[in-house]
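Me: I would like to learn how to read a model like this one, feature by feature. Could you take me through it slowly?

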Amino acid sequence: MISGLWSAGVRVVAPPLPLTSLQDDVAALDRTLERVGGPVVLAAHAYAGAVIGSTRAANVNALVYVAALAPDEGETVADVFYRETPHPSAPTLEPDAHGLIWLPDEAFSAAFAQDASAEEQALLNAVQQPISPNCITTPVGRPLWKDRPSWFLIAGEDHMIPAATQRFMAERMGGTVNSHSVDHIPLVTAPSLVTNLLIEVMDSVTRSLLEK
């Protein structure tokens, strides 16, 4: 997906999130936003939706949620993640002996990336980062999606975040909704859908800035 955006002349920066706490992750994002300047279209997948919604950076012009979690003020990531009954293939997520949450091996083919090739699933498993419960149990403040235009790509075949939960969040934020029959990680399994959406959003932001 990054290569597709690069080929379209888009500068792409992927902030490395430590996944140690929501506050740490927002701080890491803010450092990146300070470094790259603006204007910025900020995109997120899964848990990172709470991170982009928690920044207060002035150079963010739009938000894009790709099968992402978008808690409202006072909610936690866990609140919205467990809003609906999990898919039968969804893994049980529990902290290990070190207090970190990992996806079990079988989750990649059953729920996280069931449309990916076996090689892609193996790669996703190999590079996964564990997440601290501190990331998903901290209530968020006023989310940025209340103050910026937002787009939401609903993954209709998502076995991690039910499509009903995604639709609830998308409609609540009043964002522009795109729905596709893709799994939880279309960034890998349907990259052109995500690339095209991001380019569409960037074009919209550019037009808006030129009209000011």
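Reply: Gladly, and please keep in mind throughout that this is a predicted model. We can begin with burial: Phe112 has a relative accessible area of 14%, and because anything under 20% is called buried, this residue counts as buried.

Me: Which ring does the ring of Phe112 pair with, and how is such a pair described?

Reply: A pair of aromatic rings is described by two quantities, the distance of the centres and the angle of the planes. Here the partner is Phe108, with the ring centres 5.5 Å apart and the planes at 65 degrees, so the pair is edge-to-face. Phe108 and Phe112 lie four residues apart in helix H5 (residues 107–112), which means that about one helical turn separates them. Phe108 is buried as well, since its relative accessibility is 2%.

Me: How many aromatic pairs does the structure hold?

Reply: The structure holds three aromatic pairs, and one of them joins Phe81 to Tyr82, whose ring centres are 4.8 Å apart and whose planes stand at 85 degrees, so that this pair is edge-to-face. Phe81 counts as buried because its relative accessibility is 17%, whereas Tyr82, at 46%, counts as partly exposed. A ring can also be considered together with a charge: the charged end of Arg83 sits over the ring of Phe168, 3.5 Å from the ring's centre.

Me: Let us turn to the sheet. What is the order of its strands, and is the pairing parallel or antiparallel?

Reply: The sheet is open and has four strands in the order E1-E2-E3-E4, with parallel pairing. Strand E1 (40–46) and E4 are the edge strands, each of them pairing on one side only, and from one strand to the next the twist averages 15 degrees.

Me: How many bridges join each pair of strands?

Reply: Going along the order, E1 and E2 are joined by seven bridges, E2 and E3 by four, and E3 and E4 by five.

Me: Which residues of helix H8 are buried, and where do they lie around the helix?

Reply: In helix H8 (residues 163–173) the buried residues are Thr165, Gln166, Met169, Ala170 and Met173. Seen down the helix axis, these residues fall within an arc of 130 degrees, so they line one face of H8. They pack against E2, helix H4 (77–81), strand E3 (150–155) and strand E4 (176–180). H8 itself packs on the sheet, where it touches E2, E3 and E4, and its direction makes about 165 degrees with that of E3. Just after H8, Gly174 takes a positive phi of about 70 degrees.

Me: To finish, is Ala58 buried or exposed, and where is it found?

Reply: Ala58 is found in the loop between helix H3 (48–52) and strand E2 (60–68), and with a relative accessible area of 70% this residue counts as exposed, because the cut-off for that word is over 50%. Its C-alpha lies 22 Å from that of Ser21, and the two residues are 37 apart in sequence.

Conventions. Residues are numbered from 1 along each chain as its sequence is written. This is a predicted model: local features need pLDDT of at least 70, side-chain atom pairs count only at pLDDT 80 or more; totals for chains, interfaces and linings use all residues. Side-chain values use heavy atoms; hydrogens and water are left out. Rings of Phe, Tyr and Trp (its six-membered ring) pair if their centres lie within 6.5 Å; planes under 30 degrees apart count as stacked, over 60 as edge-to-face and the rest as tilted. Buried means under 20% relative accessible area, exposed over 50%, partly exposed in between (1.4 Å probe, protein chains only). Helices (H or I, at least four residues) and strands (E, at least two) are DSSP runs, numbered from the N terminus. A charge sits over a ring if NZ of Lys or CZ of Arg is within 6 Å of the ring centre and within 35 degrees of the ring normal. The arc is that of the directions from the helix axis to the C-beta atoms. Contact means heavy atoms within 4.5 Å. Two strands pair if DSSP finds at least two bridges between them. Axes are lines fitted to C-alpha atoms, for helices over the stretch in contact, and angles run from 0 to 180 degrees between N-to-C directions.
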